[in-house]
Amino acid sequence: MNILVLGSGGREHTFAYKIVQSPLCDNLFVAPGNAGTAAIATNIPISVTDFDAVRDLVLKENIEMVVVGPEDPLVQGISDYFAEDTQLKNIVVIGPSKEGAQLEGSKEYAKEFLFRHHIPTAAYQSFTAATVEDGKQFLETLNPPYVLKADGLAAGKGVLILQDIKEAKTELENMLTNKKFGAASEKVVIEEFLDGIELSVFVLTDGKNYLTLPTAKDYKRIGEGDTGLNTGGMGAISPVPFADKAFMNKIEEQIIKPTVDGLVKENIDYKGFIFIGLIKVGNDPKVIEYNVRMGDPETEAVLPRIQNDLVQLFRHVGDQSLDSVDLELDDRSATTVMTVSGGYPESYEKGKEITGIDTISDSIVFHAGTKLEGDTVVTNGGRVIAITSFDEDFRQALKKSYQNIEKLHFDKMYYRKDLGFDLA
């Protein structure tokens, strides 16, 4: 079978890494890909949202399965595009319909879904530029810190958590009237702050049945001790030590089952991943957000722990037979540490030569923001390379990742040295 992965980051390199291990995969294409995927697949330089170019590639290369990595093409309706085309409709697309993708595409849509299906989450209200004064009054009813979320897609950076009410009101105005996050903040959701520890739960569903994949804890802030600006993610640990069997049972009964049942009840076509961002408040889980694809860098810690043939799993998604699958996992801990460009998540330079990749041993190297210039691997993004390691304990796995990162070099390379600081 010929397979296409859409995307160019660490998540897509991880998909490629697992897919090429499958005897079911004859040829793998990644669009646009990176220097890591170039070593194991054929990179195709097209945009993930240029659906016509994707169509041409799929037909030219007789591709039978498309795995959609990032959220943009899903929110723009790539699954519907395939379903409505007579030449494409029988191709397996791993990713929900445009309607299903609204769980990530609109914070308000997600909140309404959660409330409709009685899934535990924070109290909220939504506001626009026309109701900005009402939003300021709503802030007055809440206790700090104040949570402001851009309704639309903002590359993981559209959430502000502020301690000062005056600053919260100013930022609300910035988001709604000054378009701080562009079109993404034409509407803003103000939420009650939930105090607890966060984790991510991943579900693969065929639209009827589902598998709960390994949990992960990711670290979004650029600075150690979870300080500074939000990033796309500085690292991840899987499984989450505090997510014991009793807590996972609560998550399944109170969150996962009602989510999948809700999609079915509302006739929302959903074949793909559901990434549920949760917070443990006391001993209870609450949903912070949905994403409609795998997370990054959580994918780099979660997928390597799955021992099943990933292509076979995706085939089961295609024919709605996931209920026949037993998930096989590596019981060891996996830890991923992300190296980033100096200046990220604000302005940074690209094109810096990366050395030492071939000296890394006993860890897996996943490329995030890289490209080839001739035979040289150079930086091509804010997040550059992720190092994933296994061990019986996450601390030992982290030690391996950090030891291997010391072999890597590119100008102004930065990484967090404190991952796992909040885990017992």
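User: Where does helix 8 lie, and at what angle does it run to strand 6?

Analyst: In this predicted model, helix 8, residues 132-140, lies across strand 6, strand 7 and strand 9 (187-191), and it runs at about 155 degrees to strand 6.

User: And helix 9, which strands does that one lie across?

Analyst: Helix 9, made of residues 165-176, lies across strand 6, strand 7, strand 8 and strand 9, and its direction is at about 5 degrees to strand 7.

User: OK, what order do the strands of that open sheet come in?

Analyst: The order is 6-9-7-8, with four strands forming an open sheet whose pairing is antiparallel. From one strand to the next, the twist averages 20 degrees.

User: Which strands stand at the edges?

Analyst: Those are strand 6 (124-128) and strand 8 (159-162), and because each has a single partner strand, one side of each is left without a neighbour in the sheet.

User: How many bridges pair strand 7 with strand 8?

Analyst: Strand 7, residues 146-150, pairs with strand 8 over four bridges in the antiparallel sense, and in strand 8 it is Leu162 that stands opposite Tyr146.

User: Switching to helix 6 and helix 7, at what angle do they pack?

Analyst: Helix 6 (residues 98-105) and helix 7 (residues 107-116) pack at an angle of about 100 degrees, and their axes are 6 Å apart. An angle from 65 to 115 degrees counts as roughly perpendicular, and the two helices are therefore described that way relative to each other.

User: Which residues make the contact?

Analyst: On the helix 6 side the contact is made by Glu99, Gln102, Leu103, Glu104 and Gly105, while helix 7 contributes Lys107, Tyr109, Ala110 and Phe113. Sorted by class, this contact has four nonpolar, two polar and three charged residues.

User: How many cavities of 30 Å³ or more does the structure hold?

Analyst: It holds one cavity of 30 Å³ or more, and about 70 Å³ of space lies in the largest cavity.

User: What lines the largest cavity?

Analyst: The lining is made up of Leu103, Lys107, Ala110, Lys111, Leu114, Lys149, Glu191, Ile288, Glu289 and Tyr290. Helix 7 gives the most, with four residues, and both helix 7 and strand 17 (284-291) supply at least two residues each. By class there are five nonpolar and five charged residues in this lining, and no polar ones.

User: What about the second largest pocket, what volume does it have?

Analyst: Its volume is about 300 Å³. There are 16 residues in the lining, and the closest to the centre of the pocket are Ala83, Ile91, Val93, Asp269 and Lys271. Two or more residues come from each of helix 5 (78-83), strand 5 (92-94) and helix 12 (310-318), with the largest share, four residues, coming from helix 5. The lining divides into seven nonpolar, five polar and four charged residues.

Note on methods:
Residues are numbered from 1 along each chain as its sequence is written. This is a predicted model: local features need pLDDT of at least 70, side-chain atom pairs count only at pLDDT 80 or more; totals for chains, interfaces and linings use all residues. Side-chain values use heavy atoms; hydrogens and water are left out. Two strands pair if DSSP finds at least two bridges between them. Axes are lines fitted to C-alpha atoms, for helices over the stretch in contact, and angles run from 0 to 180 degrees between N-to-C directions. Contact means heavy atoms within 4.5 Å. Angles under 35 degrees count as roughly parallel, over 145 as roughly antiparallel, 65 to 115 as roughly perpendicular and the rest as oblique. Ala, Val, Leu, Ile, Met, Phe, Trp, Tyr, Cys and Pro count as nonpolar, Asp, Glu, Lys and Arg as charged, and the others, Gly among them, as polar. On a 1 Å grid over the protein atoms alone, a cavity is a set of points where a 1.4 Å probe fits but cannot get out, and a pocket is an open set with protein on both sides within 12 Å along at least five of seven lines; lining residues have an atom within 4 Å of a point. Grid points are joined across faces, edges and corners, and a volume is the space filled by probe spheres set on the points.
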